[in-house]
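Subject: Structure handover

Hi there,

Here is the structure I promised you.

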Amino acid sequence: MNLFKINSINELIWMLPFTYVALLSFALLRSEPEFPNPDPQHNRFIKDSNGIIRAIPVPFSGVASGKYWAYDFLQKTHAPESLVKIAGPNDRPKYIVALIYWFYPLLVEDESRWDFPDDLESVLANDRGYVHFDGRFSRFGLNVVAFMPEITTQDDVISGMIRCLNDIVDQPEIGQEFITDYQRRKRNVTDELQLETIFKRPKVLNLVSRPDDWSNLWGWSGDDLELGFLDAAEDLTAMGRGSEAERFLAMNPDLIFLAVGDAPRFMRDPRWLGLKAVREKKVYGMIYRFNPYGFDSDSVPLILRWKAELAYPERLKPILRELARDHYEKNYGYRLKDDEIDWFLRMDENLSSEGYSRFVRINPKPVENQKQ
Amino acid sequence: MIELTKNQSSPVTSLLAFVKKRLATARDFFRRHEWAMPLLLAISLAGTVVGSLLIGAYPMSFWRAGEITVNLGLPWALPSESSWSLMELAVIQMIRLPRVLLATLVGMALGMSGAALQGMMRNPLVGPDLVGVSSGAALGGVFAIMFYWSESATVALAFLGGLLALGGTYGLAHLARSFEGIGLILSGIFVGAFCISGVCFGLFLADDHQMSRIGHLVMGYLNEATPQTVWLLTVPTLVGGSILMLLRWRINLLSLGNADALSLGINVRLLRLTIIAVVSLIVAAQVSVSGLIGWVGLVVPHCARMLVGPDHRKLLPASALLGGMFVLLIDDFTRVVLRTDVGTGTLTTLIGTPFICFLFWKKKTKGWIND
């Protein structure tokens, strides 16, 4: 039987679509359109976090951002007026529940900044010469600046981001101030701690898990090794590497910090009653952060202090509430109320844990007010 | 109140009768003019492809989009003086064209593979996802992702995975002495389950980046179409499709049964191995560039069979064309109407499953289970 025998014109017609699809595929071999270089007269040039020269429109025409980059932008520049677009309307609720809403309520309530589309074609259609952060758009001639450096340590990433973002909004001196302040706040904790004089180091476990399911706990090593903590999850350092519950019992850490879920629920669970940290009530729900999705330059020093105060209570003064209030007032012009500090320290949940009374406000709320 | 009697027909009944009559006329027309159905399908696919290139979120007139499309399709350089802007060209050339071609090729690959497998295994319940080849290809792809290998290595490993899975299914059915009936389906379910558990194990071991890629592989996405991914699928689909078309007569004989095919001088074992290899290659390429897109390979050949009958000379290309149109229309719906990244695989399954359930109900499994 001849394989190549064509029996009728009908069989040739069947081949027609395959031919034109194949021919159309050849159109993809054409070189992609080349977009003209930015006009030097209407742009200034900066180096992005990867050292590549990028054009920034003069006057600065605004920054369009998708996803959660708005957190990073606002936190590292404190320049909300520059952020003309933030995200799509569906993303706004996530921002309303975040600390950012306290500091920039008008920004979150301004609907015109929440109509940024998700799909590529709409982004191209709605571009008004914005500066974008999403690398996918650079192929299409949009102005994209990468502000996240490819460096491994958290401090270097945060410093690099602050530097780049403040270059974008043309306030490099302010950026340098933020970097210095960030480093100073972290150094203050370690200086006060005098780590070199501490010989008994606690074994600490950071946990991420769904609140209703403790059967599959995930271990991760935070950056708190600089507090001298011993990492209880040393064998599970890879992010996302799951582990079954029995291994966590074997770790038997001195302190447990819960990234998800609350401490009372964890300590009530009969499976964990044998853990040293549970017996000594040293389980704490992590405090809320300004920027829940990125490298948080506000919260990292505060969390460092918070953990240090819990691990070495005799070494540090209980001044976290004042530090937080002063920091946010100085940087955002917003004076945190006592209730708000209670909320982000998760006082209601953590108060039953050992040593958490040190964070109680000096003039606690009367009982009848609490009921209200 | 009007009471309907036997003599009085309702408007619905009249409409149904009218439609039935028209369908019978159309069927008669297509039976008498054999060239009409391929021409109709070819024009329909061409219309869907061109139409898809003209629509999208970027504001551009149909005329302008058509002008760019025609110029892109012509074999000479684009005019230096043109009426379109650079951005409009970029939208058609860099966003719509790769995505439209990828969707079309994915549908073609799956439709044709499904029809070939159903013919080879003499079982209309068979599809690439039901005999484990898609899951095997996905497992191969996951291996490549876990080791950060290149896209072409991903295709190669997916091919190997698909081939092994299909070989495993076939071998298991051979051991159970049930090639064509429920035994084959069960073997496919066993092998598919094993491969999917491997994919889940990959998810367990993956870091954030790998997890995102594996997630895309499992859910089936077309939104990351690039010229490279299109070419990775174009070559295996068109080459593999051509081989299947060359074997169309033999697949017809194979679908008569082993004894008949042997008596007609067909090397059944070699033919089966060839079809398995070709289908594995096509499905592997499809899975590695767009992830698991379910049910197209099962549902589309059924539709094609309704249009052109069981003859593989017509069934293979008709399945390819209908598959191309089906996936392309679903992707258009995602891209233009929903404007969000719902997995294409999710939507094809959402539509395909009720359809196959409908056939299951209508046909009462007649001709589906041979054991």
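A:Tyr356 and A:Phe359 are both buried (under 20% relative accessible area; over 50% is exposed and in between is partly exposed, with a 1.4 Å probe and protein chains only). Before going on: this is a predicted model, where local features need pLDDT of at least 70 and side-chain atom pairs pLDDT 80 or more, while totals for chains, interfaces and linings use all residues. Residues count from 1 along each chain as its sequence is written, chains are lettered from A and ligands numbered from 1 in the order written, and side-chain values use heavy atoms, without hydrogens or water.

**Aromatic pairs**

The whole structure has 24 aromatic pairs over all chains, counting Phe, Tyr and Trp rings (the six-membered one for Trp) with centres within 6.5 Å; planes under 30 degrees apart are stacked, over 60 edge-to-face and the rest tilted. The rings of A:Tyr356 and A:Phe359 lie with centres 4.8 Å apart and planes at 65°, so this pair is edge-to-face. B:Phe29 and B:Phe30 also make an edge-to-face pair, because their planes are at 75°, with centres 5.6 Å apart. B:Phe29 counts as partly exposed because its relative accessibility is 34%, and B:Phe30, at 25%, is partly exposed as well. Ring pairs also join A:Phe103, A:Tyr104, A:Tyr328, A:Tyr332, A:Tyr334 and A:Phe344 into a cluster.

**Helix α13 of chain A**

Helices here are DSSP runs of H or I with at least four residues, numbered from the N terminus. The buried residues of α13(A) include A:Leu320, A:Ala324, A:Tyr328 and A:Tyr332. Seen down the helix axis, the buried residues of α13(A) fall within an arc of 165° (taken from the directions from the axis to the C-beta atoms), so they line one face. They pack against several helices of chain A, among them α2 (69-77), α8 (172-193) and α12 (299-311), where contact means heavy atoms within 4.5 Å. After α13(A) comes A:Gly333, with a positive phi near 65°.

**Where the chains meet**

How much area do chain B and chain A bury between them? About 4500 Å², 72% of it on carbon and sulfur atoms; this is the accessible area (1.4 Å probe) that the two parts lose on being put together, summed over both. The contact draws 61 residues from chain B and 43 residues from chain A. Two salt bridges cross this interface (a side-chain nitrogen of Lys or Arg within 4 Å of a carboxyl oxygen of Asp or Glu). B:Arg335 forms a salt bridge with A:Glu121, with the closest N and O atoms 3.7 Å apart.

Best wishes

Key. Helix = DSSP H or I, 4+ residues; strand = E, 2+ residues; numbered from the N terminus.
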